[in-house]
Amino acid sequence: MSNWETIIGLEVHAQLSTQSKIFCGCSTRFGDEPNANTCPVCLGLPGALPVLNRRVVELGARAALALGLHINERSVFARKNYFYPDLPKGYQISQYDQPFSANGILEIMTAERDDAGHARDWKPMTVRITRLHLEEDAGKNVHEGLPDVDRYSYIDLNRAGTPLAEIVTEPDFRSSWQAYDYVNHVRRALQWVGASEADMEKGNLRCEANVSVRREGDDKFGTKVELKNLNSVRFMQKAIEFEVERHIKTLEEGGRLVQETRLWDERLSETRPMRSKEEAHDYRYFPEPDLPPLVVTRDLIEEIGASIPELPAPRAKRFTEQYGLSYADASQLTADRALADYYEAAVEASSGNARATTNWIRSELLRELETAGLSADKSPVPAAELGALVKFVDDGAISGKQGKDVLVEMFATGKTAATVIEEKGLVQVSDTGEIDRVIDEVIAANPKQLEQYRGGKETLFGFFVGQVMKASKGKANPKIVNERLKEKLK
Ligand SMILES: [Zn+2]
């Protein structure tokens, strides 16, 4: 058997987070009555003229800058002609040979995964971005939940004219996990700068993968298949994996592959061919005569650039350097901006105990947030209070185990760490004078055990610890009790 190389290129469509559509004033709100948010422009009525929404340009620029892309000062909208019921004009306004942004280089972090899905060995990887262009979305055909759907198709045009940024890569990915890490990188970056909600389950981030295989050493690409209906990044990864295996098996058995579009069926964990529309489209692109070329001035780009916060990838890198975190920890703590801000504020409040703060957030706080369905900025435990709790544990005022109970209580009630510790009567006694006094009492009360211990029966040490803890009603700091007892029993 020869070695096979996998070749993957990706197209991501991200819905830009505007209130209104790209070429008219209709709302982009999700979930409204079908066809409620429509007007002559997005219905494609004769004579209606498009006007470009300025906010689309601003958010498109934020998206481009978040991915480190250059923005063309001049780009041109073009008509992409095809017929489909959800496209009332008979063409989609998109961009073609003069896109908003082109020829970018993006660095991402990627890792292969073991069978349990654990990432090992994160490495940087360079992805060539062919283009990022702006376009309008089509409407939706509805085939379910309405009368006589066996005889009729229904059209909902609320989505028609919603603004999209389409981001296309070169065929640079060599494994499904590289593709997975890329889409997650793009998703996080777009959310980070507020360009898109980028939520695949809501459909405001959609992804298509072009997959082929070739024998190692071949310079010609194999027959490629386009994968659609990928409703999560994980489904995309699984669909690619399935296709790669199918391609290799077909070719090794001497079969032939067909260039086609296939859909992922999550229920069956397999891809199947899409009913072929017409293949080999000729979209007959031409410049949109109703819109002037889009000119984005250097001033506007600089103004938007100045409002872009520190991006997630450099921030994760800084976390590894500044706080000594592993890449996996840093990546998790920069999953969204609110969490990254929370982390840094908590570290500061803990007097710089980055390692302990990381552990408390990763193992305790994130679980509580997830159960409650909250983001870090909505946490009932503010960052300053988490830092305070870390400090209480660090100083030995309470034990780590008690700290966990305290955090749960803080989360449920919104009370401060100090209040909960006080109310629960948890404060540990770390005053050595106080502890010495208890130890002296215990030693005086147990002369027989003292004699045996000094005679060599060292297992009795535990007995003395137990007696001291009991006499202090469990509040003595065990670490100090141990130290002082060793000293006193000599
Ligand atoms: Zn409209």
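C26 counts as buried at 9% relative accessibility, where buried means under 20% relative accessible area, exposed over 50%, and partly exposed in between (1.4 Å probe, protein chains only). C24 counts as buried too, at 14% relative accessibility. This is a predicted model, in which local features need pLDDT of at least 70 and side-chain atom pairs count only at pLDDT 80 or more, while totals for chains, interfaces and linings use all residues. Residues are numbered from 1 along each chain as its sequence is written, and side-chain values use heavy atoms, with hydrogens and water left out.

## Helix α5

Helix α5 covers residues 312-323. Helices are DSSP runs of H or I, at least four residues long, numbered from the N terminus. The 12 residues of α5 should span 16 Å at 1.5 Å a residue, and its end C-alpha atoms are 15 Å apart, which agrees. The expected span is 1.5 Å times one less than the number of residues.

P312, R315, A316, F319 and Y323 are the buried residues of α5. They cover an arc of only 100° around the axis, which puts them on the same side of the helix. The arc is that of the directions from the helix axis to the C-beta atoms. An α-helix has 3.6 residues a turn, so residues three or four places apart point the same way. K317 and E321 are exposed on the other side of α5. The cover over the buried residues includes α2 (176-192), α6 (327-333), α7 (337-349) and α8 (354-372). G324 follows α5, with a positive phi near 70°.

## Q178 in α2

Q178 is found in helix α2. It is buried, with a relative accessible area of 16%. Its side chain reaches the backbone nitrogen of R174 at 2.6 Å. Leaving aside neighbours within four places in sequence, Q178 is in contact (heavy atoms within 4.5 Å) with I108, T110, E112, M125, D172 and F173.

## Helix α12

Helix α12 (residues 432-445) has 14 residues. From first C-alpha to last it reaches 20 Å, close to the 20 Å expected at 1.5 Å a residue. I435, D436, V438, I439, V442 and I443 are buried in α12. Seen down the axis, these buried residues fall within an arc of 165°, so they line one face of the helix.

The face of α12 turned away from its buried side carries the exposed residues A444 and A445. Among the elements covering the buried residues are α13 (447-454), α14 (461-471) and α15 (478-489). D431 caps the N-terminal end of α12, with a side-chain oxygen 3.0 Å from the backbone nitrogen of G433.

## L389 in α9

L389 is found in helix α9 (residues 383-394). L389 is buried, with a relative accessible area of 0%. Not counting residues up to four places away in sequence, L389 touches W360, I398, G403, V406, L407, M410 and A417. L389 and E243 are 146 residues apart in sequence and 50 Å apart in space, C-alpha to C-alpha.

Definitions and conventions: Helix = DSSP H or I, 4+ residues; strand = E, 2+ residues; numbered from the N terminus. Polar contact = N/O pair within 3.5 Å; in protein donor to acceptor, adjacent residues only side chain to side chain.
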